[in-house]
Number of protein chains: 4
Amino acid sequence: MTASPIEHYRVRSLPSRELLADRYREVRDLSIELAAPLTPEDQQVQSMPDVSPTKWHLAHVTWFFETFLLKTYLRGYEEFHPAYNHLFNSYYEAVGPRHARPARGLLTRPALQDILAYRAHVDAAMVELIGGSEEATLETLLPVLETGLHHEQQHQELLLMDIKHVFSCNPLAPAYRNRKPAMVRSLPEMEWLPVPGGHYRIGQDGNGFCFDNETPVHETLLGDFRLASQLVTNGEFLEFIDDGGYQKPEHWHMDGWAAVQAEGWSSPFYWREEANGDRTEFTLAGLVPLQHDAPVCHVSFYEAAAYASWAGARLPTEQEWEAAAIYFGLGDVSEDGGNRLASRLFAPAPATPGPAGRPLQMTGDVWEWTESAYLPYPGFSAPEGAIGEYNGKFMVNQMVLRGASCATPPGHARITYRNFFYPHQRWAFSGFRLAS
Amino acid sequence: MTASPIEHYRVRSLPSRELLADRYREVRDLSIELAAPLTPEDQQVQSMPDVSPTKWHLAHVTWFFETFLLKTYLRGYEEFHPAYNHLFNSYYEAVGPRHARPARGLLTRPALQDILAYRAHVDAAMVELIGGSEEATLETLLPVLETGLHHEQQHQELLLMDIKHVFSCNPLAPAYRNRKPAMVRSLPEMEWLPVPGGHYRIGQDGNGFCFDNETPVHETLLGDFRLASQLVTNGEFLEFIDDGGYQKPEHWHMDGWAAVQAEGWSSPFYWREEANGDRTEFTLAGLVPLQHDAPVCHVSFYEAAAYASWAGARLPTEQEWEAAAIYFGLGDVSEDGGNRLASRLFAPAPATPGPAGRPLQMTGDVWEWTESAYLPYPGFSAPEGAIGEYNGKFMVNQMVLRGASCATPPGHARITYRNFFYPHQRWAFSGFRLAS
Amino acid sequence: MTASPIEHYRVRSLPSRELLADRYREVRDLSIELAAPLTPEDQQVQSMPDVSPTKWHLAHVTWFFETFLLKTYLRGYEEFHPAYNHLFNSYYEAVGPRHARPARGLLTRPALQDILAYRAHVDAAMVELIGGSEEATLETLLPVLETGLHHEQQHQELLLMDIKHVFSCNPLAPAYRNRKPAMVRSLPEMEWLPVPGGHYRIGQDGNGFCFDNETPVHETLLGDFRLASQLVTNGEFLEFIDDGGYQKPEHWHMDGWAAVQAEGWSSPFYWREEANGDRTEFTLAGLVPLQHDAPVCHVSFYEAAAYASWAGARLPTEQEWEAAAIYFGLGDVSEDGGNRLASRLFAPAPATPGPAGRPLQMTGDVWEWTESAYLPYPGFSAPEGAIGEYNGKFMVNQMVLRGASCATPPGHARITYRNFFYPHQRWAFSGFRLAS
Amino acid sequence: MTASPIEHYRVRSLPSRELLADRYREVRDLSIELAAPLTPEDQQVQSMPDVSPTKWHLAHVTWFFETFLLKTYLRGYEEFHPAYNHLFNSYYEAVGPRHARPARGLLTRPALQDILAYRAHVDAAMVELIGGSEEATLETLLPVLETGLHHEQQHQELLLMDIKHVFSCNPLAPAYRNRKPAMVRSLPEMEWLPVPGGHYRIGQDGNGFCFDNETPVHETLLGDFRLASQLVTNGEFLEFIDDGGYQKPEHWHMDGWAAVQAEGWSSPFYWREEANGDRTEFTLAGLVPLQHDAPVCHVSFYEAAAYASWAGARLPTEQEWEAAAIYFGLGDVSEDGGNRLASRLFAPAPATPGPAGRPLQMTGDVWEWTESAYLPYPGFSAPEGAIGEYNGKFMVNQMVLRGASCATPPGHARITYRNFFYPHQRWAFSGFRLAS
């Protein structure tokens, strides 16, 4: 294959133009489907600095294709609007001054209709680009195209996280979709699954799409460890609360304890206590009774670690998590009962019993906090230029989460995937699994 | 007349039901007209805590009629939505827990369409109430109705202030209405108008509508003073800037100087300096070249006072301002060339020459900062109950502004009117006139 | 008399050099006496931005004499240290860049010993200046000298306020002086004293020392009013608390209510509730049981106003307060039973019964919040130059207090004295008296 | 040996009582020596929340011996003061409520003299305990004693860091000791030293004192890497600055860039630019000209990482650093020319040429930022109880530094030592060395 602006993985063989165009449309259509239940007003607001408006997500992912593909590779392409490069750039400082992040919610213009027109304009041009490029060009741009599609999928999950937060701020507790929570089933027994130590190959070898932070593949030496077969559930977390977990500094990191004090945390992010003492949880289906058997979700790293300390266990490292996934043969991520966006449940669901001796829900329902800080793999180097800023600049102060969640789009989960958030953040679909 | 929940003024004679209904519709229609150029998204956002979304204004003023009139006086009235009392209450703490002010912009639901339906529902009921009430009831509710209409007019001006701020945060600098600024005319000469001291009757005697803060009428003893015949203009304020006014602490109050340092102020709120050095001003018509002859607008009390010190003068007290208005016979506020909302200019305009020896633009174009803190008049007492909270609770830390502005609706200007803002606030249509 | 840098009052006749030197020494010695019980460490710290270290007070008041007298009038005077002008200047922006106020507590050098040497150096030079100047010079500098002495007296009161705050932050609750609180006596009956309205001459005519903010004297027209004969006591304030005063928004200004919420206020500043429920108060004698008959102290304007609303009364304006003082002939401030610094009680004391029909403790025990904002008197103009910055620049956002407190030095109380603090501040010896 | 409250290391053989007492006295005397140049005021203040007053350090380390040894093991020991447990406890939440950290500087009482008496009281009792305990007791308490001494040594370094910060806030720039900076020598050439990959044993095996965070010893697999033979110098860092390093976002972590913007960083912490453009550096000898050949010091992790990116290199991981130390046989830390507290230079010094092919100043002059987050070693578990809180609770959000600095006391440096700070902190003696 030829040289590409994205060097950390290779495209093994060039798919047909039709397949590429289908794949492009499929990803793009999903964004529109996800925004469909929302009014123009819903898509406008930014309920905290971490959140972006739906409208902004729809425009920003489009900007990626326009900037990194159409402007470079499509002869005669006409930019949709000269100000959009400024407005819908995100953290790519190298491309130009960006619109300050917490002010995204103030951009009432362009209106949603303008942004939908922007998407249509770019989609038409992309179809032209894919259909009309010479093979050599297609080989060159394919990694960028793949990156653009995975980038849009990331924002699809963010869109759901963000609109959940927006709606949670409304005393009316609006529902995104009126979907009953998954039925409560009899949970399987929790097992401690032994995983033998030794040398494991961690990360991606670059054959097939991955983000740069998953490379280079490298050997790691691990000791023996045991991994919980299941995620910690709401019911289990409630025991921690009832035992005074949020009042016992000995289980918390110093910074975690400070967050508990400063923020007044006393339960996971979206839990509420009704006037009559009942526990409810705000979900994308509105306010529902707390489901004890579902995995606990929307906890910070601090809460996950405090629970682990209270339970006499710990969180796995990201290397242990990936080694277990290898050891249990989770290469095909679809076989552990994990519930992802494809299910359209929009919420973590209780585990379905599976074969004994194997972990459940490793790649679905909730992202799993690990004990690992988000750092470069040995030998990592960020590619040059704007796309090179992609991941390396975040590699401090954040913790790695592994797996996938109920909001992860089809084709976006990998056992080498490294998600990351600050240890205090709770608006992601984040839960955890114990190790020891 | 009979007893009324609002005791600080009397309605002299009962107008006909038709006149009342016309007056009601006229005020209500103006709100709709003002919101018409705005998209649902424009009407959603809150660009700073002081600002409320357009949509919220439209609902809140409606809530006033529903709460203080329909629920009390209209038999069989059905509340439009049980949550609206909570959502659209503002500072009336006595009525119930209110939705936190800075979170108004997060209420994407109810949608704009719902709020327009709320207005229609209330309007229909109000027309029924006005048309169908017995005379005795009408006498009782008339002061509340009047208060509700003046309340809505206050929010009409706020709506314009607020949407101007929202649009000013957008790098695209959208225009609310594409209206050319008023032409530059040859300005009349500025004169120092002498006003003799003595006893003046300040405030309203309660015959005709006024807010409670304008009562009771009382005698005040004033010394001789001189008042500027004109407002300070952009061109004059530019001289202050060019003379280093924002860098000279000796002209500033301690707190004003601290604001200059903390906020980095170097010009009025909406002024900008283009890359080529040109001065522009953001207006409701978008970004326009700075008009030197127009009154300076969107300055804080601190800036007004600093300018006055620099100019070797001072600001008038509110008593002096009102005494001058009495002395010059401005009882009919429409005769001083002031430009108010009726002109649909949506911006302060240069003064039109008038008869010599009389002040210009006393009741239009910009509110005028005075040297007076907003305090109760001697003998003031707030009425009991929810409406009683109306004004008294704000009587600390704010400064009085007199006159009226280019955004003041018809029938809402009075020479006894006491407007008030914190000394650092700049998003109102606020300017000033000198005294000495 | 000759021209003087301070123009708002005249010195009627020139005292003898001996009297002047005595007066100088007396004031200066009191500062040393007040600092005597304090260790070098006590004199070092700044427990909040409003507080200055004792050591800084001792140096700053000395800097005033060095800067405004010795450098100008004493031939051959040698500056003690070139950096002190920078370090011990306060808000006189015109004199040069000042050391940032909240960092005063970081100046461990110069050491206390250095500052005592600075005082001795300046005192010796001042004695030389007073003793050796020609009469014409003495006439010129006398107003500055008087101002310097009154300035030092202001800082003597601040020194006590500040060290009280410093000690209050220490869990050991150290005592400044081990002095028993004044004995509880049988309180006189509270009376509502009528004061007739009319024209009153407010302010100083400039014959005798005053601060510029007390000028010019001017006529004010007042209505009839009644003034409480006594200060509100701790016991009375406790009734307000027990009646839920801190939980009832209807009695509070909007900004006061916000302060209650943000700061968690539930009692006056230095009150504490012991584990057994007993009320104690931190004083300069350490922690003592709450004295019900003593005037309530260390309350904000907001608390004073809320109490007044709860009690169905109001605070007097500063004009009313001064008119009452005139009407009751309090020209000689020593005859109303007020307890000032001369008593060395260092705390407000219960009232001593006096003749019926006269107000008690008008000029002692606690400063009295008024309903008046701190604004310039009609015709006020600040003198030019550095000393001119003295008072005018504070004339926004603050409220006037009248009277004097238990920490006011001898010769420093006047019925025209205008003290001022921000409405939220509580570390002054501030209480209040009702009007109606 | 018998069971001990500190289980992560073993004391191999029991030293004689005399040796123990000598060792105790030696460490304790050094604290007094370090505080000797400071006035009581110097020892009082806390110039930022991270800083503790000298006086507090002197008391807190004493509290450790009193609490964990004397109260448990010395029969009849009388507590010096009942409040000191509260006042001088630090982060040991399990022991009881602690005095809020940022308020340490407000404790003017107890006075320095009281704290020196506290030290004398505890020292006498400790000598009695060491001299009079039975051998079995001595064996039990020995690990605690060792921990207490190393704890005091940590605070000796903190004391110097902290007083440097205190003095840096003073416009007079006081000198702690008037010591000339080390002479500028001809620097040796910088070399890239290759270190072969493979399995390395990282951490302490527990034979001899170490902190719990250095355990358990474990095998790590490393790839080949190269380490810089020298620390980055002031002169080299100046090139980064002159090349616009602080203005180029592409070299910075997102959070680092945010810190640059928010704090206005443009050079290392204590560098200054004089009016004439000369670069100076504030040191414990006061303000001195910037020494180009000395290692750069007082930089944050962000600055170290940005420099590395700019230089086309990276920081080593902590495992690489320790592997290099093993590979180059730095077991005896005294042989790499490192300048520690024993030199009484109180500042990093330029490198002294050493044998080619070996790293210089690995264990002296400045702590070296690594690319490793501070996380538990595999198999780490914190001991139970109060001393168990020692290190584990800090294991999030911080980065590891290796080596030792010019302020590290004798006997306190180890190649397994893991120091840690937040990535934005700059008041430690922190520099860095490149890897690639």
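Predicted model: local features only at pLDDT ≥ 70, side-chain atom pairs only at ≥ 80, totals over all residues.
**Entry 1: chains B and C, symmetry**

I superposed chain C on chain B and got a rotation of 180° with 0.0 Å of shift along its axis, at an RMSD of 0.0 Å. That is the relation of a two-fold axis. I then looked for the C-alpha of chain C nearest the axis; Asn397(C) supplies it, at 2.6 Å.

**Entry 2: chains B and C, interface**

I listed the contacts and found 27 residues of chain C touching 27 residues of chain B. Which surface does each copy use? I compared the two lists: 100% of the interface residues of chain C are also interface residues in chain B, so the copies meet through the same surface.

For the area buried between chain C and chain B I noted about 2200 Å², with carbon and sulfur atoms giving 62% of it. I searched this interface for salt bridges and the rule found zero. Polar contacts do occur between chain C and chain B: I counted nine residue pairs, both residues at pLDDT 80 or more. I also checked which elements of chain C take part on the side that touches chain B. At least two residues each come from β3 (218-222), α7 (254-263), α8 (301-310) and β8 (367-373). Sorted by class, that side of chain C holds 17 nonpolar, five polar and five charged residues.

**Entry 3: pairs without contact**

I looked at chain A against chain C and found no contact; their closest C-alpha atoms lie 14 Å apart. For chain B against chain D I also recorded no contact, with the closest C-alpha atoms 14 Å apart.

**Entry 4: domains of chain A**

I took the bounds from the domain assignment, which gives domain 1 (17-168) and domain 2 (192-431) in chain A. I put the C-alpha centres of these two domains 27 Å apart. Domain 1 brings 31 residues to the contact and domain 2 brings 33 residues.

The area buried between domain 1 and domain 2 of chain A came out at about 2800 Å², 66% of it on carbon and sulfur atoms. Which residues of domain 1 lose the most area to domain 2 in chain A? I found Glu157(A), Met161(A) and Lys164(A), which together make up 26% of what that side buries.

I counted one salt bridge between domain 1 and domain 2 of chain A. I also listed the salt bridge between the side chains of Glu33(A) and Arg344(A), at 2.7 Å from N to O. The polar contacts between the two domains of chain A number 13 residue pairs, both residues at pLDDT 80 or more.

**Entry 5: salt bridges over all chains**

I placed Asp42(A) in the loop between α1 and α2 of chain A and Arg109(B) in the loop between α3 (84-88) and α4 (112-132) of chain B, so the pair joins two chains.

Technical notes. Residues numbered from 1 in each chain as written. Chains lettered and ligands numbered in written order. Heavy atoms only, no water. Least-squares fit on C-alpha atoms with pLDDT ≥ 70 in both. Contact = heavy atoms within 4.5 Å. Buried area = accessible area lost by both parts, 1.4 Å probe. Salt bridge = Lys/Arg side-chain N within 4 Å of Asp/Glu carboxyl O. Polar contact = N/O pair within 3.5 Å; in protein donor to acceptor, adjacent residues only side chain to side chain. Helix = DSSP H or I, 4+ residues; strand = E, 2+ residues; numbered from the N terminus. Nonpolar A, V, L, I, M, F, W, Y, C, P; charged D, E, K, R; others polar. Domains from an automatic or database assignment.
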